[in-house]
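The sequence and coordinates are shown first.

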2 protein chains.
Amino acid sequence: MLSSAAVTLRSSRFAYFAPSARTMSLHVQDMIFRQLFDRETCTYTYLLADAKTKDAVLVDPVIELAERDANLVQELGLNLKYAMNTHMHADHITGSGLLKKLIPGCQSLIAKASGAMADVHVEHGDKVSFGNQTLEVRSTPGHTNGCCTYVSHDGKFALTGDALLIRGCGRTDFQEGSADTLYDSVHSQILSLPNEFSLYPAHDYKGQTVTTVAEEKVYNPRLTKPRETFVDIMNNLNLDYPKKIDVSLPANKVCGLYNLPEDLAAKLKDQ
Amino acid sequence: MLSSAAVTLRSSRFAYFAPSARTMSLHVQDMIFRQLFDRETCTYTYLLADAKTKDAVLVDPVIELAERDANLVQELGLNLKYAMNTHMHADHITGSGLLKKLIPGCQSLIAKASGAMADVHVEHGDKVSFGNQTLEVRSTPGHTNGCCTYVSHDGKFALTGDALLIRGCGRTDFQEGSADTLYDSVHSQILSLPNEFSLYPAHDYKGQTVTTVAEEKVYNPRLTKPRETFVDIMNNLNLDYPKKIDVSLPANKVCGLYNLPEDLAAKLKDQ
């Protein structure tokens, strides 16, 4: 029999800078949480599950790694309910479609505003449930129109997609991007969460895995600026055209199952 | 004021497969835990700290990312006590020496059996303390003679270095490696920990971030085999000669501060 423990969080200012995947998880009862990484596109995929009912979701899966993810789902004895996305990605093809083939019964899920096909469309204020766990859908447009942040209030964390990155944010220069809109989204829907909430982004390019509301409110080099400065920064990033956008977007409109590169198409055919 | 919560872990068999950084962290009171990644060598660096006293350690830092790590230490308001290693790495240069320059007062720490210089040498059974947190040093040779696993009994996790990797283990064909010795080390010192302990390796090449004792006891494709089969597998891996070994080992004998490539030497000179 595993023991029980009464845990207390402290109230000092420092506590707001202390939280992490570990310290801030004290309120999560029976939630399985695994962060997974795609080294090529620096994408984070999240496997969340109710440890009691075994119902699970995979957030932002990558097609090349869908078999890795399906294998972990199987090893942990989970029932994958949704393969879901925070938004229609431009930098990689989603694993949703392949996961549906690998794990029959699993449904794809994305925001209606994304313009992508899916089994389930969600909107601001909806709840995504798996077992006794719930994610609140918060619409956070600006990087794309259909960007969502998924908030676990019990877990005290949010999956922020590309709206907020660790010490950064998603670009706003394509896919209906708007720096002005992103500024509103992040401040009203993400940085308005309690300071101790952990924030897990869809990408990180420096090997960082997690941040907190408190940290980003102090250290985010873009979003701590006044709106006008932020918009100016975002409009002058002069970033390269996204390498994979012309392949990714058409595919991601249909769960990653359109006009795939030969090796991936062959993989799908085998299923 | 942050609220307190009484949490209970369940006793079912499934619980052993459920744990993760999140579910298994319920016993960690006031520990800060951050996993950091080096995309080039797939090395994980761990920042652990006592949230109360702010005393911290960095385990397996990488020289190219020492500034990232020092910056995080500073942002979180921590006092870095040790820059420590699980062993003398062959695939990257340790960040210990550079961190000592970036954060005055910080000491380097490694196993005496590694043969590397350091401010503090540890042996099997020693304790590494930072604030009210303690890591038990367990000698786990086999990949190298000086490999250690650092165990947090309160946190119910272990940093396994290259002794045990997720669904794998470190190679045993150089640096005094021995498959036979590694088999003993992993079984007696790591897989003998309680099933629910989370295991954090020094590397992962597939984007996995954490595993558990229970999972590796069932799913590790090498270490679930009988000793003779394991030794046979390890002796026939036919791996390439480690790319960076000839630069890394001489440097890592002296905290990463020997005969450095020009760009890194210049960086150090600036400190």
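What is the handedness of the crossing of α4(A) and α6(A)? The crossing of these two helices is right-handed, where right-handed means that the near helix is turned clockwise from the far one by less than a right angle, and left-handed that it is turned anticlockwise.

## Basis of the model

This is a predicted model, in which local features need pLDDT of at least 70, side-chain atom pairs count only at pLDDT 80 or more, and totals for chains, interfaces and linings use all residues. Residues are numbered from 1 along each chain as its sequence is written, while chains are lettered from A and ligands numbered from 1 in the order in which they are written.

## Chain A overall

Chain A contains eight helices and 13 strands; helices (H or I, at least four residues) and strands (E, at least two) are DSSP runs, numbered from the N terminus. Chain A has 271 residues, and 58% of them count as buried. A residue is buried if 20 or more other C-beta atoms lie within 10 Å of its own, exposed if 12 or fewer, and partly exposed in between, with C-beta atoms placed from the backbone.

Of the contacts in chain A between residues at least 6 apart in sequence, 62% join residues at least 24 apart. Two residues are in contact if their C-beta atoms, placed from the backbone, lie within 7 Å.

## The helix pair in chain A

Two packed helices are described by the angle between their axes and the distance between the axes. In chain A, helix α4 (residues 179–190) and helix α6 (residues 227–235) have axes that come within 9 Å and cross at roughly 125 degrees. Axes are lines fitted to C-alpha atoms, for helices over the stretch in contact, and angles run from 0 to 180 degrees between N-to-C directions. α4(A) and α6(A) are therefore oblique to each other; angles under 35 degrees count as roughly parallel, over 145 as roughly antiparallel, 65 to 115 as roughly perpendicular and the rest as oblique.

On the α4(A) side, the contact is made by Ala179(A), Asp180(A) and Tyr183(A), which meet Arg227(A), Phe230(A), Val231(A), Met234(A) and Asn235(A) in α6(A). By class, the contact of α4(A) with α6(A) holds five nonpolar, one polar and two charged residues. Here Ala, Val, Leu, Ile, Met, Phe, Trp, Tyr, Cys and Pro count as nonpolar, Asp, Glu, Lys and Arg as charged, and the others, Gly among them, as polar.

## The helix pair in chain B

In chain B, the axes of helix α3 (residues 179–190) and helix α5 (residues 227–235) come within 9 Å and cross at roughly 130 degrees. α3(B) and α5(B) are therefore oblique to each other, and their crossing is right-handed.

Ala179(B), Asp180(B) and Tyr183(B) in α3(B) are in contact with Arg227(B), Phe230(B), Val231(B), Met234(B) and Asn235(B) in α5(B). The residues of this contact divide into five nonpolar, one polar and two charged.

## The nonpolar core

The largest nonpolar core has 158 residues, and Leu99(A) and Leu99(B) have the most contacts inside it. Such a core is a set of buried Ala, Val, Leu, Ile, Met, Phe, Trp, Tyr and Cys residues joined through C-beta atoms within 7 Å. Not counting residues up to four places away in sequence, Leu99(A) touches Leu58(A), Pro61(A), Ala66(A), Asp69(A), Ala70(A), Leu80(A), Ala83(A) and Cys106(A).

## Residues in loops

Thr140(A) is in the loop between β9 (133–139) and β10 (148–152) of chain A. Thr140(A) counts as buried because it has 31 C-beta neighbours inside 10 Å. Beyond four places away in sequence, its contacts include Cys147(A), Ala163(A), Ser185(A) and Gln189(A). Thr140(A) and Thr181(A), 41 residues apart in sequence, are 8.4 Å apart from C-alpha to C-alpha.

Lys112(A) lies in the loop between β6 (107–111) and β7 (120–122) of chain A. Lys112(A) is partly exposed, with 15 other C-beta atoms within 10 Å. Not counting residues up to four places away in sequence, Lys112(A) touches His121(A), Val122(A) and Glu123(A). The C-alpha atoms of Lys112(A) and Glu123(A) are separated by 6.3 Å.

## Positive phi values

Most residues other than glycine have a negative phi. Arg167(A), in the loop between β11 (157–161) and α4 of chain A, has a positive phi near 60 degrees. Arg167(A) is buried, with 20 other C-beta atoms within 10 Å.

Glu176(B) also has a positive phi, of about 60 degrees, and is placed in the loop between β11 (157–161) and α3 of chain B. Glu176(B) counts as partly exposed, with 14 C-beta neighbours inside 10 Å.
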